[in-house]
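Me: I've got a chain here that I'd like to talk through with you. Could you take my questions one by one?

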Amino acid sequence: MMLEFDSDYAILKEQLEHVIQHGDVHDATALFDQYHSVDIDEVLEDLEPTDLQFFLFMLNAEQVANLIENADPDLQPKMTRFYSTKELIEIFSFMTNADVADLLGFMSTKRRKEVLNYMKASESDILKMILSYEDDSAARIMTTEFISLRQSLTVREALLKIKEIAPTTEIIESIFITDDLHRIQGIVNLRDILVAPGFKPLADLVENHPFFVYADQDQEEAANLIYKYDLKYLPVVNKNMAILGVITSDDIIDVMEEEHNEDILAMGGVSKDEEFDSNFFHSIKSRLPWLVINLVTAFMASAVVSMFESTISQVVALAAAMPIVTGMGGNAGNQALSIVLTSLARDEITLEDDLPLIIKEVGLGIFNGAIIGLIAGFVLYLKYHNVFLGLIILVAMILNMVIAGVVGFLLPLIFDKMKIDPAISSPIFLTTATDICGFFIFLGLASVILPKLM
């Protein structure tokens with residue numbers, strides 16, 4: 001059962017509180033038959049630490065592992081603190097190595113060492129390998145529960161190995177084939193192994209699989225490959241092409257959601273790790289620097305306006321019309337910016353290959369600027385009965401929309417080339433460009449034909 005309405009949440013919360021109040025282990029276990037662990041986690045987030053601990057202690061290790069795997073990153077560390085090292089090892093046995101590595105990453109260095117030292121050497125070595133890579137690397141989301149076999153094995157030998165390994169593996173329908181140095185050679189479908197003659201070597205069945213990522217590559221690059229080529233599995237290799245793990249299409253969903261959320265927050269000038277309920281001072285630290293930068297750019301735009309104070313003082317209507325030019329320029333620029341940022345995220349566009357597309361943005365700026373400028377000019381003519389004011393806003397709208405489209409197209413590509421996050425940097429500079437250029441063009445034209453406006 002999945003929670004769909006607030007009433008369902010309330011019912012589950014009431015049931016869970018009843019379980020805690022009466023200490024009923026049977027009812028605690030029964031909740032997993034009625035609700036998904038994700039829904040149970042949502043209720044657990046609102047519990048006091050003592051109640052949370054009491055409920056978890058009524059569950060077996062597999063149920064706790066299920067809850068921890070699906071819990072919010074803020075809730076996971078709270079859950080693991082209740083257990084001894086020995087108990088954690090048992091819980092971890094029901095989790096994937098990637099999820100365990102994430103949890104170890106939240107722990108203090110001392111606690112992490114205790115857990116790793118308590119594990120079997122083979123298991124701790126895998127986790128140490130995963131933890132040696134950056135948080136946003138491909139290695140941190142790969143699963144190590146896959147089957148790889150040497151290409152020199154026969155089908156009969158392969159089947160014996162698969163039968164031995166299968167109970168502890170996550171991926172079984174595709175078998176990854178390597179040479180004697182563990183370098184990946186391709187993939188064999190399990191069905192092909194089942195129907196092939198027993199004496200046939202795996203080398204004769206292997207299919208080429210040209211897609212892979214290095215363990216230290218960014219998760220976003222892995223996501224782009226899986227999305228672009230509709231891959232089910234993506235091998236993760238080291239510099240020697242030895243396979244270390246496999247990223248599944250399911251693994252990548254969380255990455256894509258995380259990258260999407262980061263881009264939205266970055267475009268709003270907010271740190272990627274700020275939540276709606278973040279600490280007050282954390283929110284200040286996250287937002288204030290970008291507001292200061294915006295203030296500086298606002299002063300720059302204000303300085304341009306101040307250059308034309310005498311013109312504005314003589315024709316007050318200009319003050320009412322200025323925001324129209326800059327506002328529409330900003331909107332047009334954001335349209336181009338959004339398209340390019342989306343294409344960059346999917347690795348579909350580069351500065352070198354797609355620069356000619358800037359001509360399209362110029363054309364769009366001219367056409368859209370002419371239509372919007374005519375509408376705005378007509379409205380201003382009806383209000384102020386001055387055809388020259390309408391003409392100025394028409395020309396200014398066209399020029400500023402052309403500039404907005406070009407800047408909105410180029411900025412993210414340039415920042416990406418400079419290895420600067422375009423989602424963070426581009427919006428601020430785009431706003432500055434459209435404001436400064438819009439004010440300068442509009443007020444500059446007004447100054448040239450000032451007598452016609454009075």
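Me: Among contacts in the chain between residues at least 6 apart in sequence, what share join residues at least 24 apart?

Reply: First, a caveat: this is a predicted model, where local features need pLDDT of at least 70, side-chain atom pairs count only at pLDDT 80 or more, and totals for chains, interfaces and linings use all residues. Residues are numbered from 1 along each chain as its sequence is written, and side-chain values use heavy atoms, with hydrogens and water left out. A contact here means heavy atoms within 4.5 Å. Of the contacts between residues at least 6 apart in sequence, the share joining residues at least 24 apart is 67%.

Me: What radius of gyration does the chain have?

Reply: Along its principal axes the C-alpha trace spans about 90 × 60 × 40 Å. The radius is taken over C-alpha atoms, and the globule rule is 2.2 Å times the number of residues to the power 0.38. For 454 residues a compact globule would come out near 22 Å, but the chain has 30 Å.

Me: How many helices and strands are in the chain?

Reply: Both are DSSP runs numbered from the N terminus: helices are H or I with at least four residues, strands are E with at least two. On that basis the chain has 22 helices and six strands.

Me: In what order do the three strands of the open sheet run?

Reply: Two strands pair if DSSP finds at least two bridges between them. S1 (148-150) and S3 (184-189) are the edge strands, each pairing on one side only. The pairing is mixed, and the order is S1-S2-S3.

Me: Which residue in the turn of the S2 and S3 hairpin has a positive phi?

Reply: S2 (residues 174-178) pairs with S3 in the antiparallel sense over five bridges. Across that pair, Thr178 stands opposite Ile184, and Phe176 stands opposite Ile187. Five residues sit between the two strands, and the one in the turn with a positive phi, about 70°, is His182.

Me: Within what arc do the buried residues of H4 fall?

Reply: Buried means under 20% relative accessible area, exposed over 50%, and partly exposed in between (1.4 Å probe, protein chains only). In H4 (residues 49-56) that gives Leu52, Phe55 and Leu56. The arc is that of the directions from the helix axis to the C-beta atoms. Seen down the axis of H4, these residues line one face of the helix, because they fall within an arc of 95°.

Me: Which helices do the buried residues of H7 pack against?

Reply: The buried set in H7 (residues 85-92) is Thr85, Leu88, Ile89, Ile91 and Phe92. They cover an arc of only 160° around the axis, so they sit on the same side of H7. Their packing partners are H5 (61-70), H6 (76-80), H8 (97-106) and H9 (109-118).

Me: Is Gln219 buried or exposed?

Reply: Gln219 lies in helix H13 (residues 219-229). Leaving aside neighbours within four places in sequence, its contacts include Asp135, Arg140 and Val255. Ala138 is 81 residues away in sequence yet 4.6 Å away in space, C-alpha to C-alpha. With a relative accessibility of 6%, Gln219 counts as buried.

Me: How far apart are the end C-alpha atoms of residues 388-415?

Reply: The unreviewed UniProt entry lists this span as a "transmembrane region", along with others including 362-382; such annotations may be inferred rather than shown by experiment, and positions are in the numbering used here, with feature names shortened. Residues 362-382 are 100% helix and 0% strand, with end C-alpha atoms 30 Å apart. Residues 388-415 are also 100% helix and 0% strand, and the distance between their end C-alpha atoms is 40 Å.
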